[in-house]
Amino acid sequence: MTKVKVAITNNQKKIKVPTGIRLLIRKCCSAVLTEEKFDDDAEVSVSFVDNEQIKELNANFRNIDRATDVLSFPLGENGEYDYNNETEAYMLGDIVISLETALKQAEIYGHTLEREIGFLTVHSMLHLLGYDHVNDTLGAKIMREKEELILGELGYSRDISFVKDNE
């Protein structure tokens, strides 16, 4: 059975990370790997930051000078990933989530912070596995369908009527 090691760090002090979020993130990472039939052991790093920190990362790595909700830093390309001989697992990459923005978006979309963090984790995991919604219109559609499928399986479906009214 595939194992995923998820290292989670809290690099911000403004918002307390709610109980259960770490387990949720691990479940989301595992669910994506299962859905994508990734059969090898894997490692992922997830960090919580504030808006100032993610804005700096966004400016440095994407030349976009504003805060965002999540950034993904894949360590692989075209299905090839770095391998950690010590842990005997493939290193997929890093996920950085702005807890401030996640909380704000949960309020805007009328769902829980847990659902929002679940979405951001699944979204980023798909990026780590090579999905692209920025430069690929079809990829965006496929990615959204996979996100909703995985979140639905985890019990975090979206209220579509609310979303249509607010998008």
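Colleague: Helices (H or I, at least four residues) and strands (E, at least two) are DSSP runs, numbered from the N terminus. Where does N63 lie?

Modeller: N63 is in the loop between α2 and β3 (70-74). This is a predicted model, where local features need pLDDT of at least 70, side-chain atom pairs count only at pLDDT 80 or more, and totals for chains, interfaces and linings use all residues. Residues are numbered from 1 along each chain as its sequence is written, and side-chain values use heavy atoms, with hydrogens and water left out.

Colleague: What is the phi of N63?

Modeller: Positive, about 55 degrees, although N63 is not a glycine.

Colleague: Buried or exposed?

Modeller: N63 counts as exposed, at 70% relative accessibility. Buried means under 20% relative accessible area, exposed over 50%, and partly exposed in between (1.4 Å probe, protein chains only).

Colleague: And what about the phi of N78?

Modeller: N78 is not a glycine either, and its phi is positive at about 55 degrees. N78 sits in the loop between β3 and β4 (82-84) and is exposed, with a relative accessible area of 75%.

Colleague: Changing topic: which residues of α3 are buried?

Modeller: In α3 (residues 99-109), they are L99, T101, A102, Q105 and A106. Seen down the helix axis, they fall within an arc of 155 degrees, so they line one face of α3. The arc is taken from the directions from the helix axis to the C-beta atoms.

Colleague: Which residues are exposed on the other side of α3?

Modeller: K104 and E107.

Colleague: What do the buried residues of α3 pack against?

Modeller: β2 (42-49), α2 (51-62), β5 (89-98) and α4 (113-128); contact means heavy atoms within 4.5 Å.
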